[in-house]
Every structure is written in C-alpha cells, then in structure tokens.
Amino acid sequence: MKIRHKYMLRAIELGKNAFGSAAPNPMVGCCIVHNDIIIGEGFTSAYGGAHAEVNAINSVTDKALLPESVLYVTLEPCSHFGNTPPCSDLIIRHQIPKVVIGLKDPHTKVAGKGVEKLKAAGVSVEVGILEEACRAHHKRFLTYHEKKRPFIILKWAQSWDGFIAPTPDKRTASPKPFWITNTYSRQLVHQWRSREQAILVGTQTALADNPKLDVRHWKGKNPTRIVLDRSLKIPKEYNVLDGTVKTIVLTEVDTQSNSGGLIFEVMDFEKELAHQVCKVLYQHHIASVLIEGGAKTLETFIESNLWDEARIFKGQATLTSGIRAPKISGKIQSIASLLGDSLTLLKYD
C-alpha cells in the first residue's frame with residue numbers, strides 16, 4: 001500500500017466519527033503526519049463547530065513540527081468564511097508545506113478555490129488520492145451539491161412470503177407498529193436513523209403504526225421527521241405531530257401555520273411527487289433522508305428512479321396476505337444474516 005493511501009484511509013476512518021452530527025456539512029476526516037508518524041487527527045465537529053483541519057491542527061502538541069509535516073484530508077479545505085474561518089488560511093498560517101486531498105469540494109463557495117489559495121501561498125497540493133473511496137464516504141454531501149437533492153435511502157421489512165404489512169385483522173385496536181423483524185434488526189434501524197438528517201413516511205404508515213421515528217434504541221440525534229399527509233388526516237395527538245422533533249408536513253392544504261416544531265409545506269400531489277419532495281428537502285438543507293414507508297411512498301420513489309440505496313429486511317414470519325412489498329432492482333452490495341433475519345443492501349444501478 002502506498003504511504004499516502006494509508007493516511008488517506010485513516011482520514012476517512014476519522015471522518016466517520018462525524019456521522020449524524022456534522023450534516024449538512026460534510027463529515028471530513030484529517031490527519032497530520034511528521035516523519036511517518038501521525039501527530040494530529042481531527043474530524044468535523046457538530047454543525048456550526050470547527051472543521052476537521054482545525055481540530056487536527058489543534059490536536060498537535062508540538063506546533064513547531066507543522067512546517068515539516070503533511071496534512072491529509074478527505075475533502076478540499078474551505079476558502080470562505082461561514083460559521084468558521086477558512087481552513088486554507090489556517091493551514092497557510094501554520095506553514096504546513098504539503099496538503100494531500102481526497103477530492104475537490106463541489107460546493108460553489110469552494111469548488112477549487114481552496115486548492116488555488118493554498119498553491120498561491122506556496123503549499124504543495126496533491127488532489128485525487130483514493131478519490132473513489134472519498135466519494136463513497138462523502139456520498140451524502142456530494143449528492144446534495146451535485147444533484148441538488150438529498151441522498152435517498154429506501155428501507156423496509158418484509159415477511160418471508162413478501163408482505164410489508166398485514167391485513168387490518170392482524171393488528172391491534174390502537175395503532176402501533178407490527179413487527180416483522182427481530183429486536184436486533186430494529187436496533188440497527190435506529191442506528192441508521194441517527195446517521196441521517198431526515199426520516200420520511202407516508203400517511204398510511206403514520207395512521208397504522210403511529211410511529212415515533214426517533215432513535216430511542218440508539219445513542220444519537222433524532223432525525224427531522226418528514227410526513228406526507230395530503231389532506232391532513234393524521235390526528236394531532238399522534239406521535240409524529242407531537243412537536244418534540246422538528247417535523248415537516250408535506251400537504252396540499254395551504255391554511256396551516258408553522259408552530260411548535262411543525263413546518264407545513266404545500267405541494268401538488270397530482271404532479272411528480274418524489275421530485276417535489278426532493279426539492280422541499282433540498283430547500284431545507286437536508287442532505288440525506290431515510291424513507292421507511294409505506295409501500296405506496298416507497299414505490300413512488302422507485303418508479304421515479306429517485307433513490308440511491310435500498311436496505312431490505314426479510315423476517316422469518318409468513319403473513320399469507322396483506323400489503324405486498326415493493327418491487328425493486330439494483331446492484332446487490334451485500335446480503336447479511338441478523339439472528340434469523342436477512343438484510344439485503346442494494347445500490348441504484
């Protein structure tokens with residue numbers, strides 16, 4: 001393995017620590033190397049906080065070593081003032097002579113300007129080291145800026161015989177989730193929720209399951225809830241409308257006012273629904289969304305070819321009847337067993 005690949009892989013690993021907290025900023029990782037020894041490491045702080053390069057430089061005990069070191073970073077250092085000063089200026093000020101970058105930043109405020117500023121100051125810059133690995137790591141951020149929409153993950157659980165939900169007679173009188181998978185699989189979903197900016201469900205799922213859409217079985221930040229409710233059928237006392245988490249209700253009723261953590265966005269449900277949802281989420285600076293159902297909502301995105309990954313659980317139970325699971329085709333990334341459940345990960349192909 002080439003030495004620069006070794007340290008870029010370390011930078012990627014560091015960046016993963018920012019899952020669920022840095023967004024909508026990218027989860028950048030950075031390490032600083034002196035004579036083949038890492039002397040500083042950092043990753044992007046929670047949104048509004050310090051960037052990875054700042055944290056890495058601040059972690060170096062002996063700053064006198066910086067003018068003889070190499071800085072590895074997964075994404076181009078910023079060159080503009082945002083919530084924090086430009087990272088490129090900090091690198092220049094500390095006289096770090098070489099910077100190795102995974103890929104250029106597609107954000108219009110950066111887009112090569114960071115590299116230009118570093119080079120103009122005499123810094124040796126190398127771009128494109130493990131670029132594909134860095135693109136995979138930054139897929140949410142890149143999708144948001146390059147495609148002007150959030151990174152879309154479809155998720156559902158289906159019975160062994162292919163049903164996503166049972167017939168009404170198999171449900172309890174009070175709305176609550178009907179579990180097809182085991183507790184381990186459900187905990188994994190809560191981990192996924194903690195990593196994405198938003199979670200989306202349709203009206204029927206909200207009515208039938210009365211879900212909380214939170215991360216109560218995992219440590220992390222609750223995602224913004226997105227609820228499709230064309231005619232505002234969901235009762236105000238239901239969990240998704242309790243105001244404890246920022247919730248965006250997508251509806252065609254334009255008489256509602258925002259209050260108590262609830263935001264209402266009006267859409268035309270007779271036109272390309274998936275594209276409209278993406279537009280609203282982009283306007284709210286949401287870089288990733290986990291779509292958990294129901295079948296109609298999932299099929300809307302599948303039919304519009306608006307998805308990036310699909311995560312499909314298959315439980316051991318058979319239902320014999322109910323709502324059929326969506327049909328989807330994509331490139332299989334992996335198939336795993338989770339204490340009897342199976343999990344198939346697909347990538348849009």
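This is a predicted model: local features need pLDDT of at least 70, side-chain atom pairs count only at pLDDT 80 or more; totals for chains, interfaces and linings use all residues.
Reader: Why is the contact between R4 and E126 called a salt bridge?

Author: The cut-off is 4 Å between a side-chain nitrogen of Lys or Arg and a carboxyl oxygen of Asp or Glu. The closest N and O atoms of R4 and E126 are 2.0 Å apart, so the pair qualifies. R4 sits in helix α1 and E126 in strand β5, so the bridge ties together parts 122 residues apart in sequence. R4 and E126 are also linked with K98 in a network of salt bridges.

Reader: How do you know whether E292 and K155 are buried or exposed?

Author: Buried means under 20% relative accessible area. E292 has 13% and K155 has 12%. Therefore both count as buried. Their closest N and O atoms are 3.5 Å apart, which makes a salt bridge.

Reader: Which classes do R216 and D214 fall into?

Author: R216 is partly exposed at 43%. D214 is at 13%, under the 20% limit, so D214 is buried. Their side chains meet in a salt bridge at 2.5 Å, N to O.

Reader: What lines the largest cavity?

Author: Its lining has 17 residues, with A23, N25, M27, R140 and F141 nearest the centre. By class, nine are nonpolar, six polar and two charged. The cavity volume is about 160 Å³.

Conventions:
Residues are numbered from 1 along each chain as its sequence is written. Side-chain values use heavy atoms; hydrogens and water are left out. On a 1 Å grid over the protein atoms alone, a cavity is a set of points where a 1.4 Å probe fits but cannot get out, and a pocket is an open set with protein on both sides within 12 Å along at least five of seven lines; lining residues have an atom within 4 Å of a point. Grid points are joined across faces, edges and corners, and a volume is the space filled by probe spheres set on the points. Ala, Val, Leu, Ile, Met, Phe, Trp, Tyr, Cys and Pro count as nonpolar, Asp, Glu, Lys and Arg as charged, and the others, Gly among them, as polar. Helices (H or I, at least four residues) and strands (E, at least two) are DSSP runs, numbered from the N terminus. Buried means under 20% relative accessible area, exposed over 50%, partly exposed in between (1.4 Å probe, protein chains only).
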